[in-house]
Amino acid sequence: MTREAPQGTSDSRSHRSRTRAGMLRGEPVRWIAAGLTFVSMLIIAPASAQSPVEALVDAQVERLGTESVSAVAEGWKPIEEQRAAALPLVRERLRVESGANPRRNAVLLGLATWLARSGDAGARKEAIQALYTVDLRGTGLDPNVLFRLTHEAARDRDADVLPWIDRIFLSGKRPAFIEEVALQLEPAMQCVFLYGVYGEGAEAHLRPFLAVPQTASRTVEILSWIGSPASVPDVAAASTAGDHPTLARLIDFMMRTGGPDGRAAVLAIDPARLDADAREAFVRVRPSIEKQGLEQWRASLTHFPGPKKIADEELRARLVVLERDVDSQEAVHPLAILDSGLPRDELIDRLVRIRANMFVHLTDRALTEVDMTNFLINALRYRTK
């Protein structure tokens, strides 16, 4: 009698036999491939898992696209605590956003702003270049963030920033709000800070805009803060309308930054070309303009505290320090500068550079200090040497 094989035994044994036979015939390739796949999973899986800091960065990227500015600001705090590890991650996310289509402007500007303030020179440069890739027709262009990042670029005197400011801000209509000091900057004052912190070269860059009707008025306002006698002819040529607002802008520029050339340009105004309101105002202020001179400027500076006389070399050394850091020491009495024996042009050049550094601070105090510095610069222009 023949014993029957238990059910399933024959098939199982047959499968094992075929498998062993197949391996002997050189068919183990699929087994090896499967084994390699398993090993590669063991190798890759831990690397693909997010690290805690990467999770923080990616969560912040999502917030940037959906939440308010204040909420997003809170999200940077834990990332800031791990700055060294976060920096390359944020830079990579920024590169992705800069090349995306469509771009998420809020994400791009948020990442770029953090990198610009990270203290890493390479990251700051990347952030400023990313600024110029925002989609100006898209959404998410927060005017506060856009202004602040542009201010960082202007502070660095980036090669592309002046045309960018021209394009976005010179004819802009939206105010910006500096939350930490509760300062609202109207469009003209945004331009004052942006061109002002750029410093040397901004005035010459702006002059052609005086000949453009759409930008002439605002350009005169800006030059009243950062201009010089070099712009007197162009401002005069752009201010031929006889209305009171045009006259007020013209006199403001000429008497604040134009020096003796500006004073002469105001006195050369023909009252007959002014309308009734402007003519009345001009007749009223002309006598005080006629009297303007070095002694009048000096008399306006006597009330400041501190020593009114500083040795020339000490004064030069203190001005050099102020050029590097406007907050580095106590202010110098303006009469110590006006009455010093240092050459007039040297003093003006140093004060112009100090003025540019004052625009680094987005505060009312900075504007007050710039105004005082302009007053002193203009007074120095009445000196003969």
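Me: Where does Glu 152 lie?
Reply: The structure shown is a predicted model. In that model, the element that holds Glu 152 is helix 8.

Me: Is Glu 152 buried or exposed?
Reply: A residue counts as buried under 20% relative accessible area. Glu 152 has a relative accessibility of 10%, so Glu 152 is buried.

Me: Leaving aside neighbours within four places in sequence, which residues is Glu 152 in contact with?
Reply: Contact requires heavy atoms within 4.5 Å. With neighbours within four places in sequence set aside, the residues in contact with Glu 152 are Arg 117, Arg 124 and Ile 128.

Me: Which side chain does Arg 148 meet in a salt bridge, and where do the two residues lie?
Reply: The N to O distance of this salt bridge is 2.7 Å, and the partner of Arg 148 is Glu 180. The pair links distant parts of the chain, 32 residues apart. Arg 148 lies in helix 8 (residues 143–155), and Glu 180 lies in the loop between strand 1 (176–178) and strand 2 (183–185).

Me: How many salt bridges does the structure hold?
Reply: Side chains of opposite charge can pair when their charged atoms come close. The number of salt bridges in the structure is 27.

Me: How many residues apart in sequence are the parts tied together by Arg 298 and Asp 339?
Reply: Arg 298 and Asp 339 form a salt bridge whose closest N and O atoms are 2.8 Å apart. Arg 298 lies in helix 17 (residues 294–299), whereas Asp 339 lies in the loop between helix 19 (334–338) and helix 20 (344–358), so the parts tied together are apart in sequence by 41 residues.

Me: Why are Glu 313 and Arg 316 separated by about one helical turn?
Reply: The side chains of Glu 313 and Arg 316 meet in a salt bridge with an N to O distance of 2.5 Å. Both residues belong to helix 18 (residues 312–324), and they are separated by about one helical turn because their spacing is 3 residues.

Me: How many of the 12 residues of helix 6 are buried, and what covers them?
Reply: Helix 6 is largely enclosed by the rest of the structure, because 11 of its 12 residues are buried. Among the buried residues are Asn 105, Trp 114 and Ala 116. The cover includes helix 3 (52–66), helix 4 (69–80), helix 5 (83–99), helix 7 (121–131) and helix 8.

Me: What distance separates the end C-alpha atoms of helix 6?
Reply: Helix 6 (residues 105–116) has 12 residues, which at 1.5 Å a residue should span 16 Å. The end C-alpha atoms agree with that expectation, their distance being 16 Å.

Me: What kind of aromatic pair do Trp 76 and Trp 114 form?
Reply: The structure holds 6 aromatic pairs. For Trp 76 and Trp 114, the centres are 5.3 Å apart and the angle between the planes is 10 degrees. Planes under 30 degrees apart count as stacked, so the pair of Trp 76 and Trp 114 is stacked.

Me: Are Trp 76 and Trp 114 buried or exposed?
Reply: Trp 76 lies in helix 4 and Trp 114 in helix 6, so the pair ties together parts 38 residues apart in sequence. Trp 76 has a relative accessibility of 12% and counts as buried. Trp 114, at 8%, likewise counts as buried.

Me: Over which ring does the charged end of Arg 256 sit?
Reply: The distance from the charged end of Arg 256 to the ring centre is 4.5 Å. The ring belongs to Trp 225.

Terms used: Residues are numbered from 1 along each chain as its sequence is written. This is a predicted model: local features need pLDDT of at least 70, side-chain atom pairs count only at pLDDT 80 or more; totals for chains, interfaces and linings use all residues. Side-chain values use heavy atoms; hydrogens and water are left out. A salt bridge is a side-chain nitrogen of Lys or Arg within 4 Å of a carboxyl oxygen of Asp or Glu. Helices (H or I, at least four residues) and strands (E, at least two) are DSSP runs, numbered from the N terminus. Buried means under 20% relative accessible area, exposed over 50%, partly exposed in between (1.4 Å probe, protein chains only). The expected span of a helix is 1.5 Å times one less than its number of residues. Rings of Phe, Tyr and Trp (its six-membered ring) pair if their centres lie within 6.5 Å; planes under 30 degrees apart count as stacked, over 60 as edge-to-face and the rest as tilted. A charge sits over a ring if NZ of Lys or CZ of Arg is within 6 Å of the ring centre and within 35 degrees of the ring normal.
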